[in-house]
Amino acid sequence: KLRLRLMETRITTASGQSFGLTVSVGLASLRPNTRDLRELLRNADAALYKAKREGRNRVECWFE
């Protein structure tokens with residue numbers, strides 16, 4: 001819902017220019033076999049870059 005709300009939002013600058021926002025999100029699942037926070041963040045980062053590669057403005061999840 002947050003991603004969709006941001007996509008609908010228009011920002012207007014002081015000079016009158018208008019632009020929209022998009023959001024790419026990478027989610028990682030904390031699982032029993034996750035070794036540490038560094039691994040969790042690495043997995044979330046991989047999911048984020050997958051979201052950007054596959055068209056941006058989307059959410060990708062890492063579940064390995």
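How many positive and negative side chains does the protein have, and how far apart do the centres of the two sets lie? Colour by charge: there are 13 positive and 7 negative side chains, with the two centres 5 Å apart. Keep in mind that this is a predicted model.

**The whole chain**

Go back to the cartoon. If you draw a box along the principal axes, the C-alpha atoms fill roughly 50 × 20 × 20 Å.

The protein exposes about 5,300 Å², and carbon and sulfur atoms supply 54% of that. Buried residues make up 14% of the 64.

**The loop between H2 and E4**

Select Arg56, in the loop between helix H2 (37-53) and strand E4 (59-62). Check its backbone: phi is near 60°, a positive value in a residue other than glycine. Most residues other than glycine have a negative phi. Step along to Asn57, in the loop between H2 and E4 as well; its phi is near 50°, again positive. Are these residues buried or exposed? Arg56 is exposed, with a relative accessible area of 53%, whereas Asn57 is buried at 16%.

**Salt bridges**

- Arg35 and Glu39: the closest N and O atoms are 3.3 Å apart. Arg35 is exposed at 66% relative accessible area, while Glu39 is buried at 14%.
- Lys50 and Glu60: here the closest N and O atoms are 3.6 Å apart. Lys50 lies in helix H2 and Glu60 in strand E4, so the pair ties together parts that are ten residues apart in sequence. Lys50 is partly exposed at 32%, and Glu60 is buried at 10%.
- Arg58 and Glu54: these side chains meet at 3.8 Å, N to O. Arg58 is partly exposed at 29%, and so is Glu54 at 43%.

For the last stop, select Lys50, Glu54, Arg58 and Glu60 together: a network of salt bridges links them.

Key:
Residues numbered from 1 in each chain as written. Predicted model: local features only at pLDDT ≥ 70, side-chain atom pairs only at ≥ 80, totals over all residues. Heavy atoms only, no water. Buried < 20%, exposed > 50% of the residue type's maximum accessible area, 1.4 Å probe, protein only. Areas by Shrake-Rupley, 256 points an atom, 1.4 Å probe, with all protein chains shown as cover. Lys, Arg positive; Asp, Glu negative; His and termini not counted. Charge placed at Lys NZ, Arg CZ, Asp CG, Glu CD. Helix = DSSP H or I, 4+ residues; strand = E, 2+ residues; numbered from the N terminus. Salt bridge = Lys/Arg side-chain N within 4 Å of Asp/Glu carboxyl O.
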